[in-house]
Amino acid sequence: MIDLHTHSLFSDGVLVPSELLWRAEAKGIEALAITDHVDASNVDFVVPRLAQVCQDVAAHLSVRPIPGAEITHAPPATIAGLVKRARKLGAKIVTVHGETITEPVREGTNRAALMSEIDFLAHPGLITLEEVKLALERGILLEITSRRGHSLTNGHVAQLAREAGVGLIVNTDTHGPGDLLDDPSAREVALGAGLSEAEVAAAWARSKNLVARAHP
């Protein structure tokens, strides 16, 4: 399992980054990105600290730690700039909090995210086919999530992604230790979303590619 969407207590998670990474290692997770929620108010504070702790603990863990960021509830017009700031500050994996049906996310967030330099769009909710085609054009992956509530639209996302030929990845959106999944459990989430065994394998391969890109 590679998990590229998790949160520490630098946003709304409950664990310090080191414990989150240790628990991921205990689950047998190969690589973990810590993608805390950021906007203009805290991106300059959070991302450098995640980058520092990932650097400090990397030699002491088998799990590969990756500093990241999830641009969250930012006005759509500001998303592209925030993505650039996060990367400049050291984020190796950057995502945007998509238009999940469980929160009042601003309309236009999915499209603004897909026009920015992100790696994947997190829990994109009832994403439109037009937006999915934009993801394909931009080379951006879509997320299948195990997160309660956000996962309600997994089937919709999987169906449109298959129709348009867009790549999917599977993440947990972990906020607490009980959210982390081992490989068999993550596979069940993917199959439950309607992915075939071949599509699950392809999703795993895409996650590996993102990790390789984050650590050239």
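The questions and answers below concern a predicted model.

Visitor: At roughly what angle do the axes of helix H7 and helix H8 cross?
Guide: Two packed helices are described by the angle between their axes and the distance between the axes. Helix H7 spans residues 183–192 and helix H8 spans residues 197–214. Their axes come within 10 Å and cross at roughly 120°.

Visitor: Is the crossing of H7 and H8 left-handed or right-handed, and which residues of H8 make the contact?
Guide: The crossing of these two helices is right-handed. From H7, the contact draws on Asp-183, Ala-186, Arg-187, Ala-190 and Leu-191. On the side of H8, the residues are Glu-197, Val-200 and Trp-204.

Visitor: How many residues of the contact of H7 with H8 are charged?
Guide: The contact residues include Asp-183 and Arg-187 of H7 and Glu-197 of H8. Asp, Glu and Arg count as charged. Alongside 5 nonpolar residues and no polar ones, the number of charged residues is 3.

Visitor: Is the pair of Phe-10 and Phe-45 stacked, tilted or edge-to-face?
Guide: A pair of aromatic rings is described by the distance of the centres and the angle of the planes. The structure has 1 aromatic pair. Its rings, those of Phe-10 and Phe-45, have centres 6.1 Å apart and planes at 70°. Planes over 60 degrees apart count as edge-to-face, so this pair is edge-to-face.

Visitor: How many residues apart are Phe-10 and Phe-45?
Guide: Phe-10 sits in the loop between strand S1 (2–6) and helix H1 (17–26). Phe-45 belongs to helix H2 (residues 43–57). The pair thus links distant parts of the chain, and the separation is 35 residues.

Visitor: Is Phe-45 buried, partly exposed or exposed?
Guide: Buried means under 20% relative accessible area, and exposed means over 50%. Phe-10, at 25%, counts as partly exposed. With a relative accessible area of 43%, Phe-45 is also partly exposed.

Visitor: Where is His-123, and is His-123 buried or exposed?
Guide: Most residues other than glycine have a negative phi. His-123, not a glycine, has a positive phi of about 25°. His-123 is in the loop between strand S6 (120–122) and helix H5 (129–138). Its relative accessibility is 1%, so His-123 counts as buried.

Visitor: What is the relative accessibility of Asp-173?
Guide: Asp-173 lies in the loop between strand S8 (168–171) and H7. Its phi is positive, at about 55°, although Asp-173 is not a glycine. Asp-173 counts as buried, because its relative accessibility is 2%.

Methods:
Residues are numbered from 1 along each chain as its sequence is written. This is a predicted model: local features need pLDDT of at least 70, side-chain atom pairs count only at pLDDT 80 or more; totals for chains, interfaces and linings use all residues. Side-chain values use heavy atoms; hydrogens and water are left out. Axes are lines fitted to C-alpha atoms, for helices over the stretch in contact, and angles run from 0 to 180 degrees between N-to-C directions. Helices (H or I, at least four residues) and strands (E, at least two) are DSSP runs, numbered from the N terminus. A crossing is left-handed if the near helix is turned anticlockwise from the far one by less than a right angle, and right-handed if clockwise. Contact means heavy atoms within 4.5 Å. Rings of Phe, Tyr and Trp (its six-membered ring) pair if their centres lie within 6.5 Å; planes under 30 degrees apart count as stacked, over 60 as edge-to-face and the rest as tilted. Buried means under 20% relative accessible area, exposed over 50%, partly exposed in between (1.4 Å probe, protein chains only).
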